[in-house]
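Thanks for coming. Today I will talk about aromatic rings and nonpolar cores in one structure. Please have a look at it before I go on.

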Amino acid sequence: MSIPQPLMSAVDKVKNMVSGEKGRKIAQLDEFSRTASKDDRITTDSGVKQSTADEWLRVNRDDKTGPMLLEDSYAREKIHRFDHERIPERVVHARGAGAFGNFKLFESAEDVTFAPVLTDTSRETPVFVRFSTVQGSRGSADTVRDVRGFAVKFYTQEGNWDIVGNNIPVFFIQDAIKFPDVIHAVKPEPHNEVPQGQSAHNNFWDFVYMHEEATHMYMWAMSDRAIPRSYRMMQGFGVNTFTLINKQGERHFVKFHFTPELGVHSLVWDEALKLGGQDPDFHRKDLWEAIENGTYPKWKFGIQTIPEAKEHDFDFDILDATKIWPEDLVPVRYIGELELNRNVDEYFPQTEQVAFCTAHMVPGIAHSDDPLLQGRSFSYFDTQLSRLGINWQELPINRPVCPVMNFNRDGQGRQTITKGTVNYWPNRFEVRPPATSQEGAYHDPPQSVEGIKARTKSAKFREHYNQAQLFYNSLSPPEKLHVASAFAFELDHCDDPIVYERMSQRLADIDLELAQTVAEMVGGTKPTKATRTNHGKKAKHLSQTEVQPDDPTIASRRVAIIIADGFDKVAYDAVATTLKASGALPFTIGPRRSEIFPAGAEKISGNGVKPEHHLEGMRSTMFDAIFLPGGTASIETLKKSGRAIHWLREAFGHLKAIGATGEAVQLVAQAVAVPGVETSDNDKTVESYGVVTIANISPDSLKGAVTIAKEGTGFLQQFWYQISQHKNFARELDGLSSQVAY
């Protein structure tokens, strides 16, 4: 017999008092968790303790090892369990990382929905978020140029609600029937399984040329959005158009947004390429590290809403997944916050087995007629069956925190044991009847539908260039430069002249100068005139330079401090301590990983600093900024190190903040050696293209709390500000970074 709703609510309240609303999911997962200890003893899966885990049962003599025996069921179990550890990987979004957290509202959205998760400001809803790349396999690199998945599972009291989004607000196709084609095209080519985790090949660019609807999306994919610095520094978008229903039965169309507290930041392309080989787990480790250090990633949660009566008031179809709703026309209303604050306990049963579906909605949230969304809702259910089996929603990570009560039975992997004599409705005991609206039942909102059955879409779906131009027009000069470079790289890897020739001409539909630049680089025919007039319009927040923190911060930024024997310990201590106080993560890098001794210290154990890494074990690509304290002997050693000089040149080429004090100023000047970059030669701090130096430091030069502001005059204030800006793009625009070999 099901528990009546009022009683169930009371039970829930008691659970909340014990574990807290936001801890309900973790408490549920704890029921399935085991922690290994020294007091444990190895057993078979059937629970029988074993005397050894190292030797197969066999026939032996002292002088001869004989045949193994098949009667050793424990050894056979161990092997066959190992042989069946792998499950089919996701066709897309195979490589991912996840974390737990909470969602809370600052403002109720009860004017547009009755969904408690979006109206009850007293709740803290537990969530699991999985980030991913799209194209590559589970073994591909994190930093490839690709769309990033941003999928959120809300464990609400009314059931699971999934927003299965991306870090780009649009998609390549309008209709779900094209999904197999676009994924076949972007995946490695079938004859040789090359390339992995890249769109830089003939088939992809052939496909998007043949599908004009992809034009807007590939402009985003060639932008810096496709090479994020961190999962924590990218936006999340629901992509599709959903609907919200309020208590009055009024319907609004909605798009969902997640905007990072740290702002949106990206790698530069050379940096992304190198990280793919130097540290292919860069994004995974970055997320884990931030949470372990208590610098919890946060996103503002926002909604864009359009009343049903205004659906057709725009020059684009609001159901078209290849279009955004420009914020100038439909502002984002920020009503909540998403925070990630707990790493997974085990990757496979949590991050790998978590399964999302766009059809997972709670009362007050519903589908629209978005043709991509409707196909996704079918496909996501279907794909979980092949990966996880029919009972995939009973896996601990996928289980709702509210009661699950229905007559679904059996199937492989069934875990729930349902007592009683009936397994159908209606039944003579009136067991588990359907819920009423007052009891929280999900109702599909009434909607009038009329038209002609045909394989087509409305006329507005046929326009594909206005928003591609809008996006490109809205970018900053460095972003436009990066888009041109991205196209040049991608098409350079296409060896079929038809492919790069066609794309060289297609870009003239967006911007003539862009098309000419790319054509010249890739060997295509240089267009002489625009094939479509650019409307010249821009929109807010399409450039990621407009999506920045409310206040400058260096929280969670990784700063390498490079030292050698004889370093200036005063400067080292001051900067390292203040970095930690500001929430940044300093890492000491030396010529070796054993102790490095400061100037004047006797070289005995305990007098020095033990670096986290040595120069050959890491690269500048893995850090956001570099600091070098002075010290005559230290700098003389580093001047003779080609690797140390390479660190500085590479960081300069990747537009990162570089700080140096005392004798280290000479090393920076020697390594960079680019006309126009100035350095200090006295007790005044000099900032030049993100390089911050002070040659003569006093005891007070590096003291005090740091307020991050552009107007700061001290060394720490200026260096901190440059770190907070992520990259110094003036260095690139003025042609300085390209003069350094790295």
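This is a predicted model. I will begin with the rings. Searching the whole structure gives 31 aromatic pairs.

Take phenylalanine 103 and phenylalanine 154. Their ring centres are 5.2 Å apart and their planes stand at 90°, so this pair is edge-to-face. Phenylalanine 103 belongs to strand E3, residues 96–105, while phenylalanine 154 belongs to strand E5, residues 148–156, so the pair ties together parts 51 residues apart in sequence. Are these two residues buried or exposed? Both phenylalanine 103 and phenylalanine 154 are buried.

The next pair is phenylalanine 131 with tryptophan 299. Here the centres are 5.8 Å apart with 35° between the planes, and the pair is tilted. Phenylalanine 131 is in strand E4, residues 124–133, and tryptophan 299 is in strand E10, residues 298–307; the pair links distant parts of the chain, 168 residues apart. Why do I call phenylalanine 131 buried? Because its relative accessible area is 0%, and buried means under 20%. Tryptophan 299 is buried too, with a relative accessible area of 0%.

The charged end of lysine 153 sits over the ring of phenylalanine 356, at 5.1 Å from the ring centre. Lysine 480 has its charged end over the ring of tyrosine 472, 5.1 Å from the centre of that ring.

Now the cores. In soluble globular proteins, nonpolar side chains tend to be buried together. How many residues does the largest nonpolar core have in this model? It has 52, and the residues with the most contacts inside this core are Phe172, Trp205, Tyr218, Met219, Phe487 and Leu514. Several helices each supply at least two residues of the core, including H4 (179–186), H5 (202–210), H12 (477–492) and H14 (512–522). The largest share, six residues, comes from H12.

Leaving aside neighbours within four places in sequence, phenylalanine 487 is in contact with Trp205, Tyr218, Met219, Met222, Met503, Leu507, Leu514, Val518 and Val522.

Apart from this core lies another one, of 38 residues; among them are Ile562, Leu585, Trp647 and Leu667.

That is the end of my part.

Methods
Residues numbered from 1 in each chain as written. Predicted model: local features only at pLDDT ≥ 70, side-chain atom pairs only at ≥ 80, totals over all residues. Heavy atoms only, no water. Core = buried A, V, L, I, M, F, W, Y, C linked by side-chain atoms within 4.5 Å. Buried < 20%, exposed > 50% of the residue type's maximum accessible area, 1.4 Å probe, protein only. Helix = DSSP H or I, 4+ residues; strand = E, 2+ residues; numbered from the N terminus. Contact = heavy atoms within 4.5 Å. Phe/Tyr/Trp six-rings, centres within 6.5 Å; stacked < 30°, edge-to-face > 60°. Lys NZ or Arg CZ within 6 Å of the ring centre and 35° of its normal.
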